[in-house]
Amino acid sequence: MRLISLIFLAALAACSTGKVIFNQGKLMDKLNGPREVNDESIKRAMDAKPQLTPGFRLAIHMPDPNEQWNGQPWSAADRERVMQMVRAACNPRFCKDTVEITAIEGNGDKLFVRQAAAERGAQAVLWIRGIQDVQIRDNGRAWTNLLILPAFFIESEDVYSYFLASAQMLDVGNGYMYVDVQTVGRAKTKQTPAENDSKLILKQARSGALDQLIPALEKTFVEMSLSESKKTIRR
């Protein structure tokens with residue numbers, strides 16, 4: 001019996017040494033999902049050219065909070081924060097107004113997003129998505145769970161939460177990508193094996209990603225406005 005206990009303890013110790021690895025590229029691939037790539041699609045991407053002029057209508061799409069698609073949905077408060085930022089960024093040298101797109105068919109497909117924007121008279125669409133990654137590792141106190149009862153009291157698990165936020169601004173007409181911004185929010189907590197509730201830490205990571213994404217987009221929009229202003233002066 002003692003030998004079995006020692007073997008079990010060794011196994012727990014091995015589990016506790018696992019490293020937490022966050023791979024942003026793989027998470028982005030998961031967010032994008034499978035796509036068809038061929039010579040024709042590559043040529044279309046190469047042929048697409050920027051064609052926006054100041055005073056365009058900008059559509060904004062964030063997956064609806066009621067849609068459980070490819071990760072955690074955005075909250076109503078998240079959506080309002082983004083809308084306020086974009087409205088404030090609109091000026092005569094950039095976009096004239098904005099329109100929000102909520103739930104659409106084919107969530108996750110750029111063509112459906114562009115189609116929905118076109119139907120609302122927009123020339124560009126800002127597409128904001130997000131996906132999370134949660135990893136749980138034993139922190140070396142797992143041996144206490146041999147007693148069973150401590151599983152309800154001993155925080156023997158470290159929980160790491162990552163939230164990848166992605167913002168892309170696409171030309172509705174030809175799919176040209178004007179903006180491609182990604183930010184990552186991180187959060188960590190401890191829990192007992194009996195808890196296994198990561199909702200709060202997911203919210204913290206998502207909020208952290210959005211806190212970075214909004215100023216990054218603001219900076220990009222300002223740079224685009226200044227660029228258009230210089231073009232006007234040259235004329």
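Analyst: The protein contains six helices and five strands, where helices (H or I, at least four residues) and strands (E, at least two) are DSSP runs, numbered from the N terminus. Read from the N terminus, its elements follow the order α-α-α-β-α-β-α-β-β-β-α. The model is predicted: local features need pLDDT of at least 70 and side-chain atom pairs count only at pLDDT 80 or more, whereas totals for chains, interfaces and linings use all residues. Residues are numbered from 1 along each chain as its sequence is written, and side-chain values use heavy atoms, with hydrogens and water left out.

User: Why is alanine 124 called buried?

Analyst: Buried means under 20% relative accessible area, exposed over 50%, and partly exposed in between (1.4 Å probe, protein chains only). Alanine 124 has a relative accessible area of 0%, and is therefore buried. This residue belongs to strand E3. Apart from residues up to four places away in sequence, alanine 124 touches Leu52, Phe56, Arg57, Leu58, Ala59, Met169, Leu170 and Val172, a contact being heavy atoms within 4.5 Å.

User: What makes threonine 183 count as buried?

Analyst: Its relative accessibility is 8%, so threonine 183 counts as buried. The residue is placed in strand E5 (residues 177-191). A polar atom of its side chain lies 2.8 Å from the backbone oxygen of alanine 209. Alanine 209 is also one of the residues that threonine 183 touches, together with Phe163, Leu164, Ala165, Gln212 and Leu213, residues up to four places away in sequence not being counted.

User: How do you know that the buried residues of H2 are on the same side?

Analyst: In helix H2 (residues 24-32) the buried residues are Leu27, Met28 and Leu31. They span an arc of only 100 degrees around the axis, which means that they are on the same side of H2; the arc is that of the directions from the helix axis to the C-beta atoms. An α-helix has 3.6 residues a turn, so residues three or four places apart point the same way. On the face turned away from the buried side, H2 carries the exposed residues Lys26, Asp29 and Lys30. After H2 comes glycine 33, with a positive phi near 75 degrees.

User: Which pairs form a salt bridge, such as that of glutamate 40?

Analyst: A salt bridge is a side-chain nitrogen of Lys or Arg within 4 Å of a carboxyl oxygen of Asp or Glu. The structure holds seven of them. In one of these, glutamate 40 pairs with arginine 44, with closest N and O atoms 3.3 Å apart. Both residues are in helix H3 (residues 39-47), four residues apart, or about one turn of the helix, and both are exposed.

In another, aspartate 78 pairs with arginine 206 at 3.1 Å between the closest N and O atoms. This pair joins distant parts of the chain, as aspartate 78 lies in helix H4 and arginine 206 in helix H6, 128 residues apart. Aspartate 78 and arginine 206 are both buried.

User: Why are glutamate 80 and arginine 87 called partly exposed?

Analyst: Glutamate 80 has 36% relative accessibility and therefore counts as partly exposed. Arginine 87, at 42%, counts as partly exposed too. Their side chains meet in a salt bridge with an N to O distance of 3.7 Å.

User: What makes up the largest nonpolar core?

Analyst: A nonpolar core is a set of buried Ala, Val, Leu, Ile, Met, Phe, Trp, Tyr and Cys residues joined through side-chain atoms within 4.5 Å. The largest has 35 residues, of which Leu126, Ile128, Met169, Leu217 and Phe221 touch the most other members. Two or more residues come from each of strand E1 (56-61), helix H4 (76-89), strand E3 (124-138), strand E4 (157-171), E5 and helix H6 (199-234). H6 gives the largest share, nine residues. A second, separate core has twelve residues, including Val113, Ala116, Leu170 and Val172. In soluble globular proteins, nonpolar side chains tend to be buried together.

User: What part of the protein do buried residues make up?

Analyst: They amount to 39% of its 235 residues.

Methods
Polar contact = N/O pair within 3.5 Å; in protein donor to acceptor, adjacent residues only side chain to side chain.
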